[in-house]
Amino acid sequence: MIADYVAAAENAKKAGFDGVQLHGANGYLIDQFLRDGSNLRDDDYGGSVENRIRLLREVTEALIGVWGKDRVAVRLSPNGETQGVDDSAPEKLFPAARALDALGIAFLELREPGPDGTFGKTDVPKQSPAIRQAFKGPLILNSDYDVALAEAALANGTADAIAFGRPFIGNPDLVERIRVGADWAADNPQTWYAPGAEGYTDYPALQPA
Ligand SMILES: Cc1cc2nc3c(=O)[nH]c(=O)nc-3n(C[C@H](O)[C@H](O)[C@H](O)COP(=O)(O)O)c2cc1C
């Protein structure tokens, strides 16, 4: 399976990408190994925190073998249940981001919905403060940020950058809108996973003044 990740990383290189981000979030494979609600193994990849992060570490190392550490990032979703995957003690598990720090990856991105989240919500506290201590490289936070929240997170040192998801769907020129302080268009959830161009390429950019 690690060889599959390597093949994917090599393909990304051949396709001309600038780097790769390992998806360790949202209940997908790496996340299933990380959390004790889904990882029921009794071999070297299950049980202790050290064992549960082994696959994350080994895959990340393999990706670094293809791309170099400056071109490999990781995404985690440390707080709360996602797609049926949960952990009984995230505060013990996720400081294991120290292992990613030791590998020197380009950045770590966290999807952290809050109790009022609009794309998943949870009362489980955000783990980013503890992860910030464990992982000294660039930390990117995501979920329900607007410009004001993003600037506050940068100013108080909670994050080095903020990732926006849904705002990019409705605003093909989101970066320009942030730059000039323009309003954001709302996206239409009805077309999120729909086939065809509608809801993907038909949101208008700002008209020049
Ligand atoms: C239509 C749609 C598809 C998404 N697909 C993925 C995905 O494949 N992998 C992933 O990690 N997150 C996915 N997300 C979650 C986003 O990456 C992001 O974490 C989420 O939208 C919260 O950020 P936001 O509040 O800035 O939108 C998706 C979100 C939407 C709306």
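Me: Which side chains count as positive and which as negative here?

Reply: Lys and Arg count as positive, and Asp and Glu as negative, while His and the chain ends are left out. In this predicted model, the protein chain carries 20 positive and 31 negative side chains, and the centres of the two sets lie 4 Å apart.

Me: What is the make-up of the chain in helices and strands, and how does its radius of gyration read against the globule rule?

Reply: The protein chain holds 10 helices and five strands. Its radius of gyration is 18 Å, close to the 17 Å that the globule rule gives for 209 residues, so the chain is as compact as a globular protein of that length. Along the principal axes, the C-alpha atoms fill a box of roughly 60 × 40 × 35 Å.

Me: What share of the residues is buried, and what share of the contacts joins residues at least 24 apart?

Reply: A residue is called buried when its relative accessible area is under 20%, and buried residues make up 43% of the 209 in the protein chain. Among contacts between residues at least 6 apart in sequence, 60% join residues at least 24 apart. The accessible surface comes to about 11,200 Å², and 55% of that belongs to carbon and sulfur atoms.

Me: How should I read the span of helix H1?

Reply: An α-helix has 3.6 residues a turn, so residues three or four places apart point the same way. Helix H1 covers residues 2-14, and at 1.5 Å a residue its 13 residues should span 18 Å, which agrees with the 19 Å between its end C-alpha atoms. After H1 comes Gly16, with a positive phi near 95°.

Me: Which residues other than glycine have a positive phi, and are they buried or exposed?

Reply: Most residues other than glycine have a negative phi. One case to look at is Gln83, whose phi is positive, near 50°; Gln83 lies in the loop between strand S2 (72-76) and helix H5 (90-93), and it counts as exposed because its relative accessibility is 56%. Another is Asp144, with a positive phi of about 65°, in the loop between strand S4 (139-142) and helix H8 (147-155); at 30% relative accessibility, Asp144 counts as partly exposed.

Me: Where does Ala186 lie, and what does it touch?

Reply: Ala186 lies in the segment after helix H10 (174-180), and is exposed, with a relative accessible area of 64%. Leaving aside residues up to four places away in sequence, Ala186 touches Gly170 and Tyr203. From Ala186 to Lys69 there are 117 residues in sequence and 36 Å in space, C-alpha to C-alpha.

Terms used
Residues numbered from 1 in each chain as written. Predicted model: local features only at pLDDT ≥ 70, side-chain atom pairs only at ≥ 80, totals over all residues. Heavy atoms only, no water. Helix = DSSP H or I, 4+ residues; strand = E, 2+ residues; numbered from the N terminus. Rg over C-alpha atoms; globule rule 2.2 N^0.38 Å. Buried < 20%, exposed > 50% of the residue type's maximum accessible area, 1.4 Å probe, protein only. Contact = heavy atoms within 4.5 Å. Areas by Shrake-Rupley, 256 points an atom, 1.4 Å probe, with all protein chains shown as cover. Charge placed at Lys NZ, Arg CZ, Asp CG, Glu CD. Expected span 1.5 Å × (residues − 1).
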